[in-house]
Amino acid sequence: MKETTLASVSEEVINQLPKGALLTVKSGDKINTMTIGWATLGRIWNKPVLTVLVRFSRYTYDIISKADSFTVSFSRDGSLKNALAICGTKSGRDIDKFKECGLTPVYVEGIESPYIAEGDLHLICKIVYKSTLEPELLSKEIKDIWYKDNDYHCVYYGEVVKVLSK
Ligand SMILES: Cc1cc2nc3c(=O)[nH]c(=O)nc-3n(C[C@H](O)[C@H](O)[C@H](O)COP(=O)(O)O)c2cc1C
């Protein structure tokens, strides 16, 4: 795995998102990974920042709400296809997704959350801010489509501290 710049992979990140990526978090003795399809990439506070959206109902939320880091792993070669399907429909409350999907956590020095070895592009992020969506500030259109059941997202802002690519 080689370290690279965010700018060199940003277009790929945007194009990969609709295919899904694995958001991995660890806090204390709890670790989990789940499929995400939404994220934003940009620059805030003079830092490269990736935001991810996690609904309150996810087991991932229980962990990320106490975590100080997260990683997002993509598979450009499609090798995570099966894992993306399982990790996007099953909960870490019920199964060990690492065991079930044959995923290997890899740790970067100084960051608690590992990335997934079976991916080929990884964004390693330190959480610098989080905010919950305010229902009354959402447009009616988005609220009606995405939040009929009041299961809102919490938005996690991660400073991208390392980008690793195969
Ligand atoms: C393609 C795809 C994209 C998804 N994107 C998100 C997302 O951005 N945020 C989210 O909260 N859930 C998203 N999900 C749903 C979670 O991955 C799913 O509910 C998962 O089972 C939650 O696992 P957990 O309970 O172990 O956290 C997505 C699912 C799929 C299949």
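**Entry 1, ground rules.** I am working with a predicted model, where local features need pLDDT of at least 70, side-chain atom pairs count only at pLDDT 80 or more, and totals for chains, interfaces and linings use all residues. Residues are numbered from 1 along each chain as its sequence is written, and side-chain values use heavy atoms, with hydrogens and water left out.

I looked up what surrounds the ligand and found 20 residues, taking a residue as near if one of its heavy atoms lies within 4 Å. The closest are Thr 35, Leu 53, Thr 60, Ser 91 and Gly 92. Strand S3 (30-36), strand S5 (47-55) and helix H2 (59-64) each supply at least two of the shell residues; these are DSSP runs, with at least four residues (H or I) for a helix and at least two (E) for a strand. S3 gives the most, four residues. I sorted the shell into seven nonpolar, nine polar and four charged residues, with Gly counted as polar and Cys as nonpolar.

The side chain of Asn 32 has an N or O atom 2.8 Å from a ligand oxygen. Arg 58 places a polar side-chain atom 3.0 Å from an oxygen of the ligand, and a polar backbone atom of Gly 37 is 3.0 Å from a ligand nitrogen. The protein covers 80% of the 660 Å² of accessible area that the ligand has on its own (Shrake-Rupley, 1.4 Å probe).

Where does the ligand sit? The ligand takes the space of the largest pocket, by the rule that more than half of its atoms lie within 2 Å of the grid points. A pocket here is an open set of points on a 1 Å grid over the protein atoms alone, where a 1.4 Å probe fits, with protein on both sides within 12 Å along at least five of seven lines; lining residues have an atom within 4 Å of a point. I noted about 370 Å³ of space and 23 lining residues, with Met 34 and Cys 87 among those nearest the centre.

Technical notes. A polar contact is a pair of N or O atoms within 3.5 Å; within protein, one must be able to donate a hydrogen and the other to accept it, and residues adjacent in sequence count only if both atoms are side-chain atoms. Grid points are joined across faces, edges and corners, and a volume is the space filled by probe spheres set on the points.
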